[in-house]
Amino acid sequence: MSGSLSGGRSRNPNSGRRSTQSSRFPYFPGLSESSSSSRRSSSRRNPVSVAARSVAGVILDCFTPPETTNSKKFPDAVEFKAPSVNLGSARGGSRSSNRGIYVSSYNSTHGREPGTVKFTIEEIYKATRNFSPAFKVGQGGFGTVYKGTLNDGTLVAIKRAKKIVHNNKHLGVEFQSEIKTLAQVEHLNLVKFYGYLEHQDERIVVVEYVSNGTVREHLDCLHGKVLDLAARLDVAIDVAHAITYLHMYTDHPIIHRDIKSSNILLTEKFRAKVADFGFARLAADTDSGATHVSTQIKGTAGYLDPEYMRTYQLTEKSDVFSFGVLLVELVTGRRPIESKRELKERVTTRWVMKKFNEGDVISTLDPKLDWTAENNLAIEKILELSFRCLAPRRQNRPTMKTCAEVLWGIRKEYRELCALDVHSLSTSSKSGSIRET
Ligand SMILES: Nc1ncnc2c1ncn2[C@@H]1O[C@H](COP(=O)(O)OP(=O)(O)OP(=O)(O)O)[C@@H](O)[C@H]1O
């Protein structure tokens, strides 16, 4: 189809870009060897209290304060410090001795004392020109997002929370505790967390700026080009890697709780980065058989695990369910809930499953995608995986690691078929034969 990322037929614009990394760490290409092994050994060692706190509890009951232009009124900013680390290895990063946390040199690029990620309100004002509307890049449940430039030139996204209505100090402490956990995670496919600032009624989160919009915007073609199937497969694999890492490779497993296409940002090279840990919660210690029981359901309609909604028990498999919805979204281009469509097509996953069972996969395909044999085969396999993720009972769903492995296999086969196709095309054009489609 014309207008696809790579022109006529679907081609992977980034093909081969991850092959070197991938051969070393087939399922976790975002990790360095040291961090990978460190996390593997420390994973699930420490039981996590069911009282592990949700950021969302603090940020939900909020309202947005008026934009202010006064940057001089904030002398006593409360600063967040990330866990202490030793910087300065030859690779630009090292592990802290006590917790096995790998921290890259991005901390030091801020020109701050080693091991701290501190921001003052003055810096934030300077970076955003006093929260100038010209620097606003988005608006979400958390608040307003601004693009900013730090003193050292680092581009950041500055997320300014809506003003907290109930000023509960206890919750503030819990919020900071969870933020500290999030500061420890680092993966190529996760939006980097730079720091956090709490000042008076302001809550500000500073994260990596990712420049190429969200996956949802690309599925809607808001950036002018069609995201072809190869690029969509890459997105699915990147997200699977990121969530596998959260579930398995941090000190305490973390459940993202809000995986959705508008929370996945793309780089200029169409590398996906999972954003928005606003709802993230430390997973319970599953080794001890405990599961987390929520008091409030958090997440986004259309992506929510029905078993979690029924039982209030949160596990990593809730993320797997949301990931299944995302896979369907990538294949169909449709939103999980399409309220303007006729009744039987409103819940996209339900509609796709029905079509699949009727042997009519093709009609569920995003009309913007090419109808080629390679595409159709890959799509069928992606949908099969998505249905496993969408199993009503969590024990029937695969782990995120399995999802990554399965997708890896689908991509491998897809690339091989595409290469064969190119080969047969060039052979037939050389011999002057007419190729049937
Ligand atoms: N790190 C970032 N880099 C670049 N743009 C970002 C970044 N984070 C958010 N944005 C932009 O800001 C918008 C709002 O983001 P935000 O995470 O606050 O809300 P959301 O995920 O869209 O919605 P909700 O919070 O309700 O789930 C995004 O759609 C995106 O366009």
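Trainee: Why is arginine 129 called partly exposed?
Mentor: A residue is buried if 20 or more other C-beta atoms lie within 10 Å of its own, exposed if 12 or fewer, and partly exposed in between, with C-beta atoms placed from the backbone. Arginine 129 has 15 C-beta neighbours inside 10 Å, so it counts as partly exposed. This is a predicted model, in which local features need pLDDT of at least 70 and side-chain atom pairs count only at pLDDT 80 or more, while totals for chains, interfaces and linings use all residues. Residues are numbered from 1 along each chain as its sequence is written.

Trainee: Where is arginine 129?
Mentor: Arginine 129 sits in the loop between helix 4 (121-128) and strand 5 (136-139). Helices (H or I, at least four residues) and strands (E, at least two) are DSSP runs, numbered from the N terminus.

Trainee: What makes leucine 150 buried or exposed?
Mentor: Leucine 150 has 20 C-beta neighbours inside 10 Å and therefore counts as buried. Its place is the loop between strand 6 (143-149) and strand 7 (155-161).

Trainee: What is lysine 163 listed for in UniProt?
Mentor: An unreviewed UniProt entry lists Lys163 under "binding site". UniProt positions are given in the numbering used here, feature names are shortened, and annotations may be inferred rather than shown by experiment. Lysine 163 is in strand 8 (residues 163-164). With 17 other C-beta atoms within 10 Å, lysine 163 is partly exposed. The C-alpha atoms of lysine 163 and arginine 129 are separated by 20 Å.

Trainee: How do you know that the buried residues of helix 11 line one face?
Mentor: In helix 11 (residues 373-389), the buried residues are Glu374, Asn375, Ala378, Ile379, Ile382, Leu383, Leu385, Ser386 and Cys389. Seen down the helix 11 axis, they fall within an arc of 160 degrees, so they line one face of the helix. The arc is that of the directions from the helix axis to the C-beta atoms.

Trainee: Why are helix 7 and helix 9 called roughly antiparallel?
Mentor: Helix 7 (residues 229-248) and helix 9 (residues 316-332) pack at about 175 degrees, with their axes 11 Å apart. Axes are lines fitted to C-alpha atoms, for helices over the stretch in contact, and angles run from 0 to 180 degrees between N-to-C directions. Angles under 35 degrees count as roughly parallel, over 145 as roughly antiparallel, 65 to 115 as roughly perpendicular and the rest as oblique. Helix 7 and helix 9 are therefore roughly antiparallel.

Terms used:
Expected span 1.5 Å × (residues − 1).
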